Amino acid sequence: MLDGKVAFVTGGSRGIGEAVALRLAEDGADVALTYRDSDGRAADVVDRITSLGRRAWAVRADSADPAAVRDAVDQAAAEFGRLDIVVNNAGIGVLGPVEDLSLEDIDRVLNINVRAPFITSQAAVRHMAEGGRIISIGSCMAERAAFPGGSLYSTSKTALTGLTKSLARELGPRGITANLVHPGPTETDMNPSDGPSADMQKGLTALGRYGQPSDVAATVAHLAGDAGRYITGATIAVDGGFAA
């Protein structure tokens with residue numbers, strides 16, 4: 001259980017981030033979450049968390065803005081008086097032929113998918129004590145280039161492996177763990193199971209179907225809890241066998 005713990009979830013207003021925020025609250029944590037533009041959905045997640053008897057707080061922060069990311073972490077720690085769990089979830093995907101990707105595409109994807117998790121983790125460890133958890137959300141496409149057009153997205157998610165392993169090594173003596181979760185095709189607004197590429201994605205998994213955000217959230221909750229205390233520097237696939 002996570003009673004007395006405070007979690008910070010980036011991109012926590014929808015999709016996997018929403019499921020993670022709610023699951024951590026169900027397990028007893030108070031939750032701070034960031035969002036970019038979905039005020040209504042963020043307010044709904046806050047309401048659902050408070051209905052569980054936990055404290056909740058949402059702040060608008062574009063992960064492409066390093067100052068906003070850093071400030072959101074510091075504000076969350078000040079709001080709740082501590083910070084125990086960070087989930088680097090916010091991310092974007094730009095797919096397409098490598099020769100068609102613009103410099104703006106490259107900068108935005110790397111800024112949100114790589115720089116923001118680094119800055120979030122950097123800011124968070126200043127507030128973390130022994131028992132802290134850093135959990136990043138990667139992608140099955142970091143492990144398997146199953147179709148063309150994913151060079152930029154895969155690059156950004158593969159970078160999280162290096163971040164995670166290095167954080168685990170550096171923060172281990174302080175009792176702080178760092179782990180990476182790689183979801184496979186997962187039912188979200190950004191990647192619906194009835195979308196134009198859904199049949200192809202389902203066919204690439206061993207189970208032949210999409211996962212649910214709650215599947216990813218369950219693994220995050222395990223890593224965040226006491227049962228995950230001896231897991232660090234690990235990459236865990238929740239991908240239905242996409243990388244099998």
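**Exercise 1. Find which way the residues of strand S4 (85–88) point, and whether they are buried or exposed.**

Solution. Ile85 and Val87 point one way from S4, while Val86 and Asn88 point the other way. All of them are buried, where buried means under 20% relative accessible area, exposed over 50% and partly exposed in between (1.4 Å probe, protein chains only). Strands here are DSSP runs of E of at least two residues, and helices are runs of H or I of at least four, numbered from the N terminus. The model is predicted: local features need pLDDT of at least 70, side-chain atom pairs count only at pLDDT 80 or more, and totals for chains, interfaces and linings use all residues. Residues are numbered from 1 along each chain as its sequence is written, and side-chain values use heavy atoms, with hydrogens and water left out.

**Exercise 2. Trace the strand pairing around S1 and S4.**

Solution. Two strands pair if DSSP finds at least two bridges between them.
- Step 1: S1 and S2 run parallel and are joined by 4 bridges; Phe8 stands opposite Ala32 in S2.
- Step 2: S1 and S4 also run parallel, with 3 bridges between them; Ala7 has Ile85 in S4 as its bridge partner.
- Step 3: S4 is joined to S5 by 4 bridges, again in parallel; Asn88 has Ser136 in S5 as its bridge partner.

**Exercise 3. Explain why S2 counts as largely enclosed.**

Solution. Take the two faces in turn. On one side lie Asp30, Ala32 and Thr34, and on the other Val31, Leu33 and Tyr35; all are buried. S2 is largely enclosed by the rest of the structure because 6 of its 6 residues are buried.

**Exercise 4. State which residues touch the most other members of the largest nonpolar core, and which elements supply this core.**

Solution. A nonpolar core is a set of buried Ala, Val, Leu, Ile, Met, Phe, Trp, Tyr and Cys residues joined through side-chain atoms within 4.5 Å.
- Step 1: the largest core has 31 residues, and Val20, Leu24, Val31, Ile49, Val87, Val181 and Val220 touch the most other members.
- Step 2: elements that each supply at least two residues of this core include S1 (6–9), H1 (15–26), S2 (30–35), H2 (39–51) and H7 (213–224).
- Step 3: H1 gives the largest share, 7 residues.
- Step 4: another core, of 26 residues, lies apart from it, with Phe80, Val125, Leu160 and Ala168 among its members.

**Exercise 5. Compare the span of H5 and of H7 with the expected value, and say what covers each helix.**

Solution. The expected span is 1.5 Å times one less than the number of residues.
- Step 1: H5 (residues 151–171) has 21 residues and reaches 30 Å from its first C-alpha to its last, close to the 30 Å expected.
- Step 2: the buried residues of H5 include Leu152, Tyr153, Leu160 and Leu171. Their cover includes helix H4 (103–125) and the strands S5 (133–137), S6 (177–183) and S7 (235–238), with contact meaning heavy atoms within 4.5 Å.
- Step 3: H7 has 12 residues and reaches 16 Å, close to the 16 Å expected.
- Step 4: among the buried residues of H7 are Pro213, Val216, Val220 and Leu223. The buried residues of H7 pack against H1, S4, S5, S6 and S7.

**Exercise 6. Locate the charges that sit over aromatic rings.**

Solution. The criterion is NZ of Lys or CZ of Arg within 6 Å of the ring centre and within 35 degrees of the ring normal. The charged end of Arg144 sits over the ring of Phe242, 5.4 Å from its centre. Lys202 lies over the face of Tyr210, at 5.9 Å from the ring centre.
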